[in-house]
Amino acid sequence: GLLAGLNGRVTQVYPVENVDHSPVRYTMNPTEQVRTMVAIEESGWELLSIYHSHPNGPATPSATDLARAYYPEVVYIILSPDKRGVWLVKGFNLSEDGAVEVYFEINSD
């Protein structure tokens, strides 16, 4: 899905269907993705993050994630369970050169 907002603060969460329906690969539904990008722009927001899960781990970018890092200015969030089943949430700046983990804060304000 996509996260949008201003000044690094998320205002809106946009879930987008994974048309691959796979636990190891994702492709956003193109119609939903375009509709969401238009909604973000019309709202005057910025695309801040792209999120997806790695249900079988790890909470680090895969080779596919790096190859599909089309928006280097956003934080890519990966959710994945640890060995105890507790879900980890990690963020990365991705580029063809690799991944750099970034700090972000989740709050309900």
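This is a predicted model: local features need pLDDT of at least 70, side-chain atom pairs count only at pLDDT 80 or more; totals for chains, interfaces and linings use all residues.
Let me begin with a definition: a residue counts as buried under 20% relative accessible area, as exposed over 50%, and as partly exposed in between. Asp20, with a relative accessibility of 28%, is therefore partly exposed.

First, the overall architecture. The chain contains two helices and six strands. Read from the N terminus, these elements follow the order β-β-α-β-α-β-β-β. The radius of gyration is 14 Å, close to the 13 Å that the globule rule gives for 109 residues, so the chain is as compact as a globular protein of that length. Along the principal axes, the C-alpha trace extends over about 40 × 30 × 30 Å. Of the 109 residues, 29% are buried. The accessible surface of the chain amounts to about 7100 Å², and carbon and sulfur atoms account for 54% of that area. As for contacts between residues at least 6 apart in sequence, 49% of them join residues at least 24 apart.

I turn now to the interior. In soluble globular proteins, nonpolar side chains tend to be buried together. Here, the largest nonpolar core comprises 15 residues, and those with the most contacts inside it are Leu2, Met28, Ile40, Ile50 and Tyr76. Two or more residues of this core come from each of strand S1 (2–6), strand S3 (46–53), strand S4 (75–81) and strand S5 (87–95). Beyond its neighbours within four places in sequence, Met28 touches Gly1, Leu2, Val16, Glu17, Val19, Gln33 and Ile50.

Next, consider the region around His54. This residue is located in the loop between S3 and helix H2 (63–67). Is His54 buried or exposed? Its relative accessibility is 11%, so His54 is buried. A polar atom of the His54 side chain lies 3.3 Å from the backbone oxygen of Thr60. With neighbours within four places in sequence set aside, His54 is in contact with Thr60, Pro61, Ser62, Asp65, Ile78, Leu79, Ser80 and Pro81.

Leu79, one of those partners, belongs to strand S4. With 25% relative accessibility, Leu79 counts as partly exposed. Apart from neighbours within four places in sequence, Leu79 contacts Tyr51, His52, Ser53 and His54, and also Trp87, Leu88 and Val89. Leu79 and Gly57 are separated by 22 residues in sequence, and their C-alpha atoms are 8.4 Å apart.

Finally, the charged pairs. Side chains of opposite charge can pair when their charged atoms come close. How many salt bridges does the model contain? The count comes to two. In one of them, Arg25 pairs with Asp20, and the closest N and O atoms are 3.3 Å apart. That pair qualifies because a salt bridge requires the nitrogen to lie within 4 Å of the carboxyl oxygen. Arg25 is partly exposed, at 46% relative accessibility, and Asp20 is likewise partly exposed, at 28%. In the other, the side chains of Arg84 and Asp82 meet with an N to O distance of 2.8 Å. Arg84 is exposed, with a relative accessible area of 68%.

Note on methods. Residues are numbered from 1 along each chain as its sequence is written. Side-chain values use heavy atoms; hydrogens and water are left out. Buried means under 20% relative accessible area, exposed over 50%, partly exposed in between (1.4 Å probe, protein chains only). A nonpolar core is a set of buried Ala, Val, Leu, Ile, Met, Phe, Trp, Tyr and Cys residues joined through side-chain atoms within 4.5 Å. Helices (H or I, at least four residues) and strands (E, at least two) are DSSP runs, numbered from the N terminus. Contact means heavy atoms within 4.5 Å. A polar contact is a pair of N or O atoms within 3.5 Å; within protein, one must be able to donate a hydrogen and the other to accept it, and residues adjacent in sequence count only if both atoms are side-chain atoms. The radius of gyration is taken over C-alpha atoms; the globule rule is 2.2 Å times the number of residues to the power 0.38. Accessible areas come from the Shrake-Rupley method with a 1.4 Å probe; for residues, only the protein chains shown count as cover.
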